[in-house]
Amino acid sequence: MSKFRLDEVDHQILDMLIDNTRVPFTDIAKKLLISAGTVHVRVKKMEDAGIIQGSSLTLDYEKLGYSFIAYVGVFLHNTSQTKFVLERINQIPYVTVAHITTGKFNIFCKIRARDTKHAKEVIFMVDDIDGVYRTETMISLEESINDKKRLMHTIFKEL
C-alpha cells in the first residue's frame with residue numbers, strides 16, 4: 001500500500017481539527033480561504049486512507065474528581081497468559097490504557113482514580129487477576145507534556 005500524500009492544506013486542516021475536532025468545516029474553510037466542500041472532501045479522503053480515525057473528546061478528569069494518575073507495570077507468571085490478563089484488565093474501567101511491552105514489564109497500564117485510596121483498590125484489582133505475578137506502580141505527580149501537534153508537525157516536515 002502506497003503512502004498517502006498530504007499537502008500543506010491537509011496539514012492545516014489536521015492542525016485545526018487536532019485543536020478542536022468539533023470545529024465546523026465552514027470555519028476551517030474561511031480560515032484557509034477554500035470551500036467547505038473542499039474541506040469535506042479532503043477530510044473524507046484522510047478518513048478513507050486511515051489517517052483520521054474517528055474523533056475524540058477531551059475530558060477534564062480533575063473536574064470530574066479523577067485527578068490521580070498512576071502507571072502500573074504488570075509482571076506475568078507466563079507470557080502465554082497475556083491475552084487472558086488483558087481481557088480481565090479491560091473489565092476494570094479505571095484502567096484507561098494498557099500496552100503489551102518488552103523489557104521489564106509484560107503489560108504497562110495507566111490508571112485514573114479519585115485519590116490514593118481508590119488507586120490502591122484499582123491496583124489490587126489488577127494484582128488479583130489470575131496470571132499476574134506482581135505489579136509495580138509509579139505515581140504521576142504532574143502531566144508536563146501532552147502535545148498532540150509536535151509529532152504531527154515533525155512528520156509533516158519529514159514527508
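Biologist: Happy to start with charges: how many salt bridges does a search of the whole structure find?
Modeller: This is a predicted model, in which local features need pLDDT of at least 70, side-chain atom pairs count only at pLDDT 80 or more, and totals for chains, interfaces and linings use all residues. Residues are numbered from 1 along each chain as its sequence is written, and side-chain values use heavy atoms, with hydrogens and water left out. A salt bridge is a side-chain nitrogen of Lys or Arg within 4 Å of a carboxyl oxygen of Asp or Glu. On that basis, the number of salt bridges found in the whole structure is 10.

Biologist: How many residues apart in sequence are the parts that Arg 42 and Asp 10 tie together?
Modeller: Side chains of opposite charge can pair when their charged atoms come close. Here the side chains of Arg 42 and Asp 10 meet in a salt bridge, at 2.9 Å from N to O. Arg 42 lies in helix 3 and Asp 10 in helix 1, so the parts they tie together are apart in sequence by 32 residues.

Biologist: How do the axes of helix 1 and helix 3 lie, roughly parallel or roughly perpendicular?
Modeller: Axes are lines fitted to C-alpha atoms, for helices over the stretch in contact, and angles run from 0 to 180 degrees between N-to-C directions. The axes of helix 1 (residues 8-19) and helix 3 come within 11 Å and cross at roughly 85 degrees. Angles under 35 degrees count as roughly parallel, over 145 as roughly antiparallel, 65 to 115 as roughly perpendicular and the rest as oblique. So the arrangement of helix 1 and helix 3 is roughly perpendicular.

Biologist: Which residues of helix 3 do the residues of helix 1 meet?
Modeller: Contact means heavy atoms within 4.5 Å. From helix 1, the residues involved are Val 9, Asp 10, Ile 13, Leu 14 and Leu 17. On the helix 3 side, they meet Val 39, Arg 42, Val 43 and Met 46.

Biologist: And how does helix 1 run relative to helix 6, roughly parallel or roughly antiparallel?
Modeller: Residues of helix 1, including His 11 and Leu 14, meet residues of helix 6 such as Met 152 and Phe 156. The axes of helix 1 and helix 6 (residues 148-158) come within 11 Å and cross at roughly 170 degrees. That angle makes the two helices roughly antiparallel.

Biologist: About what area does the nonpolar surface patch containing Leu 59 have?
Modeller: Patches are made of residues with over 30% relative accessible area and no salt bridge, where like charges are joined within 9 Å and nonpolar side chains (Val, Leu, Ile, Met, Phe, Trp, Tyr) within 5 Å. Areas come from the Shrake-Rupley method with a 1.4 Å probe, and for residues only the protein chains shown count as cover. Leu 59 lies in the loop between helix 3 (36-48) and strand 1 (68-76), and counts as partly exposed at 44% relative accessibility. Together with Leu 57, Tyr 61 and Leu 64, Leu 59 makes a patch of about 400 Å².

Biologist: What is the phi of Leu 33 near?
Modeller: Leu 33 sits in the loop between helix 2 (25-32) and helix 3. With a relative accessible area of 77%, Leu 33 is exposed. Its phi is positive in a residue other than glycine, near 60 degrees.

Biologist: What distance separates the C-alpha atoms of Glu 136 and Phe 105?
Modeller: Glu 136 lies in strand 4 (residues 132-139) and is partly exposed, at 24% relative accessible area. Among the residues that Glu 136 touches, not counting those up to four places away in sequence, are Tyr 71, Lys 104 and Phe 105. Although Glu 136 and Phe 105 are 31 residues apart along the chain, their C-alpha atoms are separated by 8.8 Å.

Conventions
Helices (H or I, at least four residues) and strands (E, at least two) are DSSP runs, numbered from the N terminus. Buried means under 20% relative accessible area, exposed over 50%, partly exposed in between (1.4 Å probe, protein chains only).
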